[in-house]
Amino acid sequence: NSLYGRGVNFFLDSSKSCHRDYGDLDSDSKYIFVCSISVNSTTQGDENAIIPQGYDTFVDSISKPTLYVTTHDAQTYTHYLVKLNTASRHQLTSGH
């Protein structure tokens, strides 16, 4: 579960995925996938949302989404697996 529905979260801004709130805080490295997602129709999600008929993706904002929550594995295509060390994670999340 996420704040925007049941499924897998994909952020448009990769620094959000690198944030320390996601993943193992004790690890020196973190892995993120760079993916494309297939989206047919979106609806506003919330933490208890289950995808209604006719939709395949939740978003955090209908007008300007920054987070997509896919509900089916077939919606994703992975391009890269990126390994980040502690220093690169700090640069991405702090903006320095």
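Predicted model: local features only at pLDDT ≥ 70, side-chain atom pairs only at ≥ 80, totals over all residues.
Local features need pLDDT of at least 70 and side-chain atom pairs count only at pLDDT 80 or more, while totals for chains, interfaces and linings use all residues. Residues are numbered from 1 along each chain as its sequence is written, and side-chain values use heavy atoms, with hydrogens and water left out.

**View 1. Leu 67 in strand 5.** Strand 5 spans residues 67-70 and includes Leu 67 (strands are DSSP runs of E, at least two residues, numbered from the N terminus). Leu 67 is buried because its relative accessibility is 5% (buried: under 20% relative accessible area; exposed: over 50%; partly exposed: in between; 1.4 Å probe, protein chains only). Beyond four places in sequence, Leu 67 touches Tyr 4, Asn 9, Phe 10, Phe 11, Phe 58, Val 59 and Asp 60 (contact: heavy atoms within 4.5 Å). Lys 16 is 51 residues away along the chain, with 9.5 Å between its C-alpha atom and that of Leu 67.

**View 2. Thr 70 and its contacts.** Thr 70 also belongs to strand 5. Its relative accessibility is 3%, so Thr 70 counts as buried. Leaving aside neighbours within four places in sequence, its contacts include Arg 6, Gly 7, Val 8, Phe 10 and Ile 37. Asp 56, Thr 57, Gln 75 and Thr 76 are also among them.

**View 3. Phe 33 in strand 2.** Phe 33 sits in strand 2, which covers residues 29-37. With 55% relative accessibility, Phe 33 counts as exposed.

Note on methods
Helix = DSSP H or I, 4+ residues; strand = E, 2+ residues; numbered from the N terminus.
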